[in-house]
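Welcome! Here is a short briefing to read alongside the sequence and the 3D view. Take a moment to look around before reading on.

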Amino acid sequence: MSHDFSLIQVLMKGGWTILLLIAMSILVFAIFYERWKFFKAHFQKREGVMAGLGPFLARKNFQECLEACDRNGTLLAKVVQAGLRAKGEKTDPAQAMERESKIQLLRLEKHLPLLATIGSTAPFVGLFGTVLGIIQAFQDLALANAGGAAVVSKGIASALFATASGLFVAITAVFIYNWFQARLNEIAQEAEIVISEVVESLEK
């Protein structure tokens, strides 16, 4: 009797833990792709935003600046737009821009906590699969007529595969989460600079 087996057989022997890790990895890459597209569509560097809005602010042409913000449509443009509207309504522009900045950052942060959750739980799912695989391996050994490494090889293989899969999913999720968090920190700092520049322009 041959004890050769394929990766598919290892996956099947790994049971629901392997399937759960596959689902988690798909979710990680789906979140990465969706968030990457969202960031790309809604964030523009401060220099680019202010280059388009600066001339209107310098001339105090707030209506045209509001229209330019609408055309731009990025996060920082919405922050400037909130300040201009507050100026027109005789309220505090800085406070309005700070509030809008927090709203926009929350939009960018959507789904990222799920990445952190997957990154922290995937190793435990893999470890659980490892324990189940080893238990199955010893059950196979107990039921076999003859001992030897070949009897338990499939169970040990699925156990090790579960461990490796859990670590792969966790490392990928944590890496992507940290990358987006770094981007969020950068965007938050740029928003603060834009707010100070707009407030200074409005006070001149």
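Cys 65 is buried, with a relative accessible area of 0%. Keep in mind that this is a predicted model.

**Cysteines**
- Like Cys 65, which is buried, Cys 69 is buried, with a relative accessible area of 2%.
- How many disulfides does the structure hold? The number is zero.
- A disulfide is a covalent bond between the sulfur atoms of two cysteines.

**Phe 39**
- You can find Phe 39 in helix α2, which covers residues 16-42.
- Is Phe 39 buried or exposed? Phe 39 is buried, because its relative accessible area is 4%, and the cut-off for buried is under 20%.
- Leaving aside neighbours within four places in sequence, Phe 39 touches Leu 108, Phe 180, Arg 183, Leu 184 and Ile 187.
- Phe 39 and Glu 109 are 70 residues apart in sequence, and their C-alpha atoms are 9.8 Å apart in space.

**Gln 104**
- Gln 104 belongs to helix α6, made of residues 93-109.
- With a relative accessible area of 6%, Gln 104 is buried.
- Beyond its neighbours within four places in sequence, Gln 104 is in contact with Leu 75 and Lys 78.

Notes. Residues numbered from 1 in each chain as written. Predicted model: local features only at pLDDT ≥ 70, side-chain atom pairs only at ≥ 80, totals over all residues. Heavy atoms only, no water. Helix = DSSP H or I, 4+ residues; strand = E, 2+ residues; numbered from the N terminus. Buried < 20%, exposed > 50% of the residue type's maximum accessible area, 1.4 Å probe, protein only. Contact = heavy atoms within 4.5 Å. Disulfide = S-S within 2.5 Å.
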